[in-house]
Amino acid sequence: MIRALMTALTLGLATPLVAETKVPESQAEITLGFAPLVKEAAPAVVNIYAKRIVAVQESPFQGDPFFQNLFRDFGTPRPQVQNSLGSGVILSDSGIVVSNYHVVGMATDIRVVLNDRREFKADVLLGDEANDLAVLQLREATDMPHLTFRDSDSVEVGELVLAIGNPFGVGQTVSSGIVSGLARSGTAAGAGQGYFIQTDAPINPGNSGGALIDVNGDLIGINTRILTRSGGSNGIGFAIPSKLVSEFVSQAKSGNTKFEVPWAGAVGQTVDADIAESLGLDRPGGILISNLHPASPFKQAGIAPGDIILGVDGQPVSHGAEMIFRMSVAGIGETAEIEGILGGAHRSVAVDLITPPESPARDTVTTKDRSVIPQMVLSNINPAVIAEFGLALGLRGVVVESPGEIGARAGLRIGDVILGVDGKETATVDDVVRALRNAERRLALQVQRGSRRVVMRFRL
């Protein structure tokens with residue numbers, strides 16, 4: 001027994017105890033340690049420091065438990081410098097960087113710090129608040145380390161991923177997890193309204209704009225938001241899929257300063273179990289079209305109210321955000337293959353992907369100083385205006401692009417739609433301008449605000 005034990009110890013001592021460090025040669029080896037992967041990917045993830053000027057309402061009642069709510073808008077707005085901290089990902093050797101809009105949007109000064117401590121000033125090439133993405137260009141940058149895209153449609157639930165960013169400003173940090181879910185929509189709080197990859201890799205404030213990479217070091221998403229009650233990570237994080245990020249970069253390189261989203265000109269609802277049963281379907285899924293704008297490319301392709309959209313370009317869709325995502329990654333000027341139950345039969349049609357038409361012309365005007373509501377900016381409603389202000393699809397009339405100082409004091413808001421003045425319908429900007437010019441002692445505006453119609457009365 002003792003002899004056997006000594007023999008075993010002798011054999012054990014004969015084995016070298018120093019582990020050899022090497023680059024993993026297979027996916028199985030990669031899963032045992034991420035050090036080589038991090039060493040390769042981390043230099044392309046940067047820290048972003050942004051400054052913006054914001055108007056802050058300073059009230060003498062601030063901090064008072066009673067009066068601060070009663071006099072919330074009391075006081076004169078004063079400009080104040082606001083700092084934000086986040087992360088970004090370099091995507092080209094020329095210094096193209098992608099981050100979140102909420103990190104760099106409206107910034108007056110952007111400083112980007114690389115992992116090797118080099119610093120660059122950056123300019124925003126393209127930003128979009130709705131999708132919470134921004135594309136930056138580093139000044140005088142060459143030979144930058146960068147990540148490559150992986151098609152996010154090939155990502156599967158359960159894959160190992162790494163999140164790289166700068167949480168809480170402590171410095172570049174790497175956390176690991178898996179892909180917890182795909183096609184998440186409407187679950188992340190904040191401005192982002194889109195379609196996400198869900199991960200349990202810890203993501204905290206400061207990680208926004210950082211990279212979500214796979215075990216090959218390819219970018220599959222931009223970390224953007226979390227679901228949390230405490231402000232820290234609860235293991236439910238969301239990343240914007242690389243396929244949409246790639247389209248953003250493509251549009252920025254083409255010179256776009258605003259992200260162009262294909263216009264569907266359609267309104268629909270998710271086909272749930274109740275709707276599926278009422279329609280005689282064997283399972284829920286898809287989008288039931290309820291309304292189409294006359295200029296909608298869907299209508300031009302032969303789709304009609306009552307049809308059900310099941311997929312776009314071979315990918316299933318079950319809600320509006322998912323359909324718009326699929327159209328967005330295909331790109332403006334392309335065609336999308338729309339599959340569904342169309343006209344009572346399973347078939348597919350090709351739909352042109354276009355921007356919302358500027359027809360009829362919006363004919364934007366600013367009311368004169370002698371008008372009863374001066375310096376108000378008005379435009380005719382067309383598909384482009386509907387998309388820009390999020391108006392109801394069939395709405396007609398004149399939209400308030402800016403109420404002006406007097407109009408704002410009177411209660412008018414950006415996005416209000418003027419349907420009539422003093423009981424008379426106003427279909428165009430000229431109708432409204434003429435009615436305001438002819439107003440005498442009293443004025444009544446018929447206004448559509450969201451889903452409500454109100455009458456605003458003024459004494460002149």
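Student: Let's zoom in on β20: which residues point one way from the strand, which point the other way, and are they buried or exposed?

Tutor: Val377 and Ser379 point one way from β20, while Leu378 and Asn380 point the other way. All of them are buried, meaning under 20% relative accessible area, with exposed being over 50% and partly exposed in between (1.4 Å probe, protein chains only). Before we go on, this is a predicted model, where local features need pLDDT of at least 70 and side-chain atom pairs count only at 80 or more, though totals for chains, interfaces and linings use all residues. Residues are numbered from 1 along each chain as its sequence is written, and side-chain values use heavy atoms, without hydrogens or water. As for the labels, helices (H or I, at least four residues) and strands (E, at least two) are DSSP runs, numbered from the N terminus.

Now look to either side of the strand. β20 pairs with β19 in the antiparallel sense, over two bridges; pairing takes at least two DSSP bridges between the strands. β20 and β21 also run antiparallel, and four bridges join them. Val377 is a handy landmark here: Thr366 stands opposite it, and in β21 its bridge partner is Ser402.

Next comes a helix, α12, which spans residues 429-438. Its buried residues pack against β20 (377-380), and also against β19 (365-366), β21 (398-402), β22 (417-421) and β24 (442-449); contact here means heavy atoms within 4.5 Å. So which residues of α12 are buried? They are Val429, Val432, Ala435 and Leu436. Seen down the axis of α12, the buried residues fall within an arc of 135 degrees, so they line one face of the helix; that arc is taken from the directions from the helix axis to the C-beta atoms. On the other side of α12, Asp430, Arg437 and Asn438 are exposed.

Finally, have a peek at two loops. Most residues other than glycine have a negative phi. Gln375, in the loop between β19 and β20, has a positive phi, near 55 degrees, and isn't a glycine. Because its relative accessibility is 42%, Gln375 counts as partly exposed. Asp422 sits in the loop between β22 and β23 (424-425), and its phi is positive too, about 55 degrees, although Asp422 is not a glycine. Asp422 is partly exposed, with a relative accessible area of 39%.
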